[in-house]
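Please look through the sequence and the model shown here. The paragraphs after them lead from a single residue to the whole chain, then to the sheet, the cores and a helix.

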Amino acid sequence: MRVFQPDRYLLAKFVETNASLLQGTLLDVGGWDGKRYRKFFGHATKRTVLDSSPDSGADIIAPAEKIPLPDASEDNILCTEVMMNIFEIKNAIREIARVMKPGGHFLGTVSFMCPLCDEPHHFWRFTPYSLQNLFEPYFKDIRIERRGGYRTQRSQNWIRFWIERLDLYKRPVLGRFFSLMSMIRGCISMWADGRDTSEANRKFTLGYNIFATRK
């Protein structure tokens, strides 16, 4: 059973929208078993999943800070909701850049306003300014965009609280009810944030999406 979460919806839309730009081989860094976004990358000539957890079922078990692949061996990198869990983040980005071919694309996401997760390995919250500085030495055409605004962030935190508080994934009937409520509330919030171009709303977000090209 899945419970609708605005952030999960927006993450999937971002990956789906940009997936066709990632042609050739693809390395999914921190992708666990690789199932979440697999349907968007049927066009990849080869798709490899790397994860640090031995329980993940990934193709390669290794940390992002020490990717066991040759230089310039991958055309593209996917890295969603992982970077905030990597303590040596500068080393990880250096490694990601090392294994990428020049002209390859990086597609990634990070959270900003969210509950603690993956404890005790939740280390960072990134701003557009920190992301720009981290990626600039290795990448060009860096595009960093907000994912939702004030209302969407509130909707996401609402459903995450009840998922945790009521253990909704183990209570199907209650989970379906909350999922419906979350979908209604989330869709209204995303619509309203899409129309609100105020400076106040700009300062609130669930997280940031990153698209960049290897120099």
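Lys39 is exposed, because its relative accessible area is 70%; exposed means over 50%, buried means under 20%, and partly exposed lies in between, with a 1.4 Å probe and protein chains only. Lys39 sits in the loop between E1 and strand E2 (46–51). Helices (H or I, at least four residues) and strands (E, at least two) are DSSP runs, numbered from the N terminus. Lys39 and Pro68 are separated by 29 residues in sequence and by 26 Å in space, C-alpha to C-alpha.

The model is predicted: local features need pLDDT of at least 70, side-chain atom pairs count only at pLDDT 80 or more, and totals for chains, interfaces and linings use all residues. Residues are numbered from 1 along each chain as its sequence is written, and side-chain values use heavy atoms, with hydrogens and water left out.

The protein chain contains six helices and seven strands, in the sequence pattern α-β-β-β-β-α-β-α-β-α-α-α-β. Its C-alpha trace spans about 50 × 40 × 35 Å along the principal axes. A compact globule of 215 residues would have a radius of gyration near 17 Å, and the protein chain agrees with 17 Å; this radius is taken over C-alpha atoms, and the globule rule is 2.2 Å times the number of residues to the power 0.38. Of the 215 residues, 47% count as buried. Contact means heavy atoms within 4.5 Å; among contacts between residues at least 6 apart in sequence, 73% join residues at least 24 apart.

The seven strands form an open sheet with mixed pairing, in the order E3-E2-E1-E4-E5-E7-E6. Two strands pair if DSSP finds at least two bridges between them. Strand E3 (60–61) and E6 are the edge strands, each pairing on one side only. E4 and E5 run parallel and are joined by six bridges. Glu74 stands opposite Met100 in E5, and Leu78 has Leu107 of E5 as its bridge partner. E5 is mostly covered, with nine of its twelve residues buried. In a regular strand, side chains alternate between the two faces of the sheet.

A nonpolar core is a set of buried Ala, Val, Leu, Ile, Met, Phe, Trp, Tyr and Cys residues joined through side-chain atoms within 4.5 Å. The largest has 32 residues, and Ile77, Met83, Phe106, Phe135 and Phe139 have the most contacts inside it. Two or more residues each come from strand E1 (25–29), strand E4 (74–80), helix H2 (89–99), strand E5 (100–111), helix H3 (128–135), strand E6 (139–147) and strand E7 (207–214). H2 gives the most to this core, six residues. Leaving out residues up to four places away in sequence, Phe139 touches Ile96, Ala97, Met100, Phe106, Ala212, Thr213, Arg214 and Lys215. Apart from this core lies another, of 13 residues, including Phe41, Ala44, Leu78 and Leu107.

Helix H5 (residues 172–195) has 24 residues and reaches 34 Å from its first C-alpha to its last, close to the 34 Å expected at 1.5 Å a residue; the expected span is 1.5 Å times one less than the number of residues. What do the buried residues of H5 pack against? They pack against helix H1 (6–18), helix H4 (150–166) and helix H6 (199–202). Among these buried residues are Gly175, Phe178, Ser182, Met190 and Asp193.
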